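Let's take a friendly walk through a protein model, one feature at a time. Please keep the picture open while you read.

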Amino acid sequence: MVGQVTYRVRPGSALGALAAAAMFACTGEIKPAPNGPLDCSVPRGAAVSGRRITGPEYRSAVRAVFEGKVAPSDTYPESRGVGATGFSTEPLLTDVGASTVDDLMLAAEDLGVAVANALPQLLPCANATAAESCAQTFLDKYGRRAYRRQLTGEERTALLSTYRAVRTAGGDFIDAMAALTTHLAQTPQFIYRLEGAAPRSRALTDDELASRLAMVLWGSIPDDALLDAAAQGELKTAAGLSAQLDRMLAAPAADPTLARFLREWLQTERLNASDKDRALYPQLDAALASSINESFDRLAASQVRDGTLAGLLTSTRLPADAKLAALLGAAPVTSWTQVEAPGRPGVAGHPAVLAAQAHAQKGSFILRGRLVMSALLCQSMGAPPANAMTVFAGLPLPADPTGREVSESINQNSACASCHRRLNPPGLAFERYDAIGQLQPTDRSGRTLDVAGQLLVHGQSYDFDGPSTLMNVVAGQDDARVCFARQLFRFTFSRLEGEGDSCTLTALEQAVAQNDGSLRAALTTLLTSGSFTQRVDP
Amino acid sequence: MSVRIGRRLFLEGTGGLLAMPLLESLWSRPAHAAVAPRRFLLMTHRHGRLVGTGRMKNGVRQDIWAPSNTSGPLTETMSPFLAPLAPIRQEVVTIDAVDNLVRHLATGVKANDGHLFPTFTYLTARNRTADGKLGGPSIDYVVGERLRGSAARPASIVLCGNTGNSVLIQGFGGANGTAPNVLDSGGNAAMAISKLFAGVQPTMMTTPTVRSRLQERRGLVLDGVEKDYQAIRSQLGTADRARIDQHLTFLADTKARLGSGPPAIPGDCRPMNGTEIPAVARQYSYSSAHDDAAIPVLIDAVVRALVCDITRSMVLTFPSDVPTFDFLYPGGSPFLSDVWHTQIHMSGDSTVRQANNVKPTGIWYAQVFTSLVQKLAAVTDVDGNRLLDNTLVLWVSDLGYGPNHYCHDIPVVMAGLKSAFPKGQGRHVVAPNRASLGDLYAQVLRMFGGTDTTFGATGTLASVAGVRTQTCDNGIAWCADHGYPGFITPDTPLHLGPLDL
């Protein structure tokens, strides 16, 4: 199903440039949070749709089920396109189509063969003539992980029916286990995130809650400790749930998910050396690209665990290794260290983000401005009109224009200016950073670029003299807090917020405000709230 | 400008299969002619004519695609874009004045997007649904449904010629607009080919393995899986149940096709596997070297898949956002990694340097089309005729004039299925009263024996959409700038009648 997929704009691509360079149908400022007549004193679950797990979740789950002894298949069908939220877990992105089930079958067969080959390491009782009890042992351990709970009698019988059919047909134990695994790997219990019907809001079962927690925090299945805690009813108590949250957040398994939250929120795909003009940026080799990526992922994980919203937006400290420190102009380091990078405020100043919001040859003030206005402040920006490039091509420009000259020319067109007068200034604040996020004292023509401007929000104008003061202004906006709450909601529930979510969003915004902007407090507030621990059908 | 065609593609396309294994030599002519199935092969690429706007400038129409401004026999010179079709021009009909009218129904999020809505409509001839899905099946699926003959055969398979998972793929849809059968594999051509021939590979095995025995038991496993889905659905809410029901529908299709062991395949079938893809193309990221090495093999795979009767509707699409095709520029590419799209937009004036930079890519697409036609012509089908004579080959694009996102004057080329062209081939046809993509696809269905007079949405623009229609009160130039030529108004009918084929 194509669903809500939208135009996938590769960061830094010319398409991205088009999307941003064109006139946006600006519809105004941030939309007010929906204020329905809900009684927020009554806990109510958020509506959550079932979905097939994504490719990264599948790979992580396979590794977790089989303790890394079996490689996941690369045939598993990935998500398609980008949805309304920008997060890759939207249900429509993994709906099945004509070839999906074929691919699921082929991926399951890959897994069946891999398990068959790894049986000596997975199952000590396994050999060609092993008895069915050995298959039962397999289900006790690996089946429980795959299903994220103990199998019901019917589920166990269903899987063993496949095993028995192969044995009856003359297959040996290895063949039967390959078939059983192939069956298991295609079941809805494994490849879908499903929860029982809830026409009215109801508490999640312990197993459902454990599964939700694992998918949100780890992008994977629960580990044995979480399954045990669920089985023992520990998640029912605030202390038990809090203990598991602390453990899960501290675990390395959370790192990729926390990084994904920021990457997808900030539209920052992983940087490849081939993304940029090799002649202009010979220093961007695979190693430097890897350093930039790792730095961003480390920053994301540490900020969500221990940081604040203000720090996320304004801190000039970031993780760097030797190669990245050189790019940043920081003091030399020999291993991963937090370095001071003046002039690089928060995530918006990170090279990974600056490079993502750039073209192959140069930075893009439009893409960067759009990031600030749309992703960080949730200001409504429409799509560029069909004739955007035609209009752009006709704008009067001097030879070798600076970004500011381009911006001024765009804003001379009244239709363009309706959006670009707000969009361009915050982007121009980062104009001294090139396409790989390196600070350049002058542009290629030797000009020192003016990076001062005014941020226009809700009709108010805020002066800034460069990236740091800009991001201080951004961090001081109520919209930044509201926007973060929305992004966290979308990430957690894999959908846009709706009328029924006003209580959840208000509580989230308050959690950010009342805990000095602690991101961890916001996350744990959400994951322990009735919105998360209960469910209602969409 | 001289154009360097990839070595293998050149040898295959113009040399009559000089370099690759000769397909004809692989398949013997049957002693007794049988009835051959009809096939459909669709080729699509991005950005339409790539260069020009269709407008007049200094007395010259800004266009490099049209062989002529009027209907008539195709001449050897063809056009700059279509020059490589010269050797097969007697097998070809080029069609002009075809419009994607439905694009102008676009509503909802990103309705103004210059690429998204053309993509979502150019193969379905329907507007998107309110919740953002395709409005219906794409033409390849509809044709394939009618031709497939057996549930054991996919209605249509979409093979990505270059890096997949891009916007153009989103135009293809199965029943009710559901996701199509796309083989993109993230740009890994070897995996795409392995998947394409997955159903027939077991017959190549000589020594049984765990995998081959597992494949023979697919039906057994899928029976169990199907029961699991049926069992769980009753525990779910309405929306989740619908999601599982959709899975069950496609699971039944997979079981019917692949569940009963290796399918019966024509004796002339020679399955391919991923090892025939050069090592440079077995990677997941886009590169020009990847495409140069992989595409000739993919063209071969398309033809062999039709011979093997894996499907009777096959698509070869070039969906990538970044087809810089460095291999076309031996002196060094004038493009930088991701500026291809911008280059297209700078090519509205067909005389400028940017336009000249873009032209080789159009010529290259024409070369690929020529190669496909020549390969189909080189194969003898089970009825003793050429495979080309039983196959309709259609080439369309998502846009007309790509530089301006125009959705009028979609470039259309047809070849093969000679019996379906009562006025013969080797012609350029300018639809006298213009035609819509709905007209074109209805004609395709009639060429396969259908009685269809429409395809996709019907009525007028206003009667169907009731929204986002323009009266062009601001003048023709304004309308053209916005993709609304003067002839596209709320009263424009979505079907204008048969094409003169």
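To talk about how helices pack, we need axes: these are lines fitted to C-alpha atoms, for helices over the stretch in contact, and angles run from 0 to 180 degrees between N-to-C directions. Helices (H or I, at least four residues) and strands (E, at least two) are DSSP runs, numbered from the N terminus. Two packed helices are described by the angle between their axes and the distance between the axes.

Before using these ideas, a word on what you are looking at: this is a predicted model, in which local features need pLDDT of at least 70 and side-chain atom pairs count only at pLDDT 80 or more, while totals for chains, interfaces and linings use all residues. Residues are numbered from 1 along each chain as its sequence is written, chains are lettered from A and ligands numbered from 1 in the order in which they are written, and side-chain values use heavy atoms, with hydrogens and water left out.

Now find helix H18 (residues 403-412) and helix H19 (residues 414-428), both of chain A. Their axes lie 7 Å apart, and the helices pack at an angle of about 155°. H18(A) and H19(A) are therefore roughly antiparallel to each other (angles under 35 degrees count as roughly parallel, over 145 as roughly antiparallel, 65 to 115 as roughly perpendicular and the rest as oblique). The crossing of H18(A) and H19(A) is left-handed, meaning that the near helix is turned anticlockwise from the far one by less than a right angle; clockwise would be right-handed.

Which residues bring H18(A) and H19(A) together? With contact taken as heavy atoms within 4.5 Å, the H18(A) side includes A:Arg404, A:Ser407 and A:Ile410, and the H19(A) side includes A:Ala417, A:His420 and A:Leu428. The residues of this contact of H18(A) with H19(A) divide into four nonpolar, seven polar and two charged. Here Ala, Val, Leu, Ile, Met, Phe, Trp, Tyr, Cys and Pro count as nonpolar, Asp, Glu, Lys and Arg as charged, and the others, Gly among them, as polar.

Next, let's look for disulfides, which are pairs of cysteine sulfur atoms within 2.5 Å. How many does a search of the whole structure find over all chains? There are four.

One of them joins A:Cys40 and A:Cys503, with sulfur atoms 2.0 Å apart. The torsion about the S-S bond of A:Cys40 and A:Cys503 is about -85°, so this disulfide is left-handed. The pair links distant parts of the chain, 463 residues apart: A:Cys40 is in the loop between helix H1 (14-21) and strand S1 (46-47) of chain A, and A:Cys503 is in helix H22 (residues 502-514) of chain A.

A:Cys378 and A:Cys483 form another disulfide, their sulfur atoms 2.0 Å apart. The torsion about the S-S bond of A:Cys378 and A:Cys483 is about 75°, so that disulfide is right-handed. A:Cys378, at 10% relative accessibility, counts as buried (under 20% relative accessible area is buried, over 50% exposed, in between partly exposed, with a 1.4 Å probe and protein chains only). A:Cys483 is buried too, at 0%.

In chain B, B:Cys269 and B:Cys308 form a disulfide, with sulfur atoms 1.9 Å apart. With 90° about the S-S bond, this link of B:Cys269 and B:Cys308 is right-handed.

Finally, is A:Asp516 buried or exposed? At 70% relative accessibility, A:Asp516 counts as exposed.
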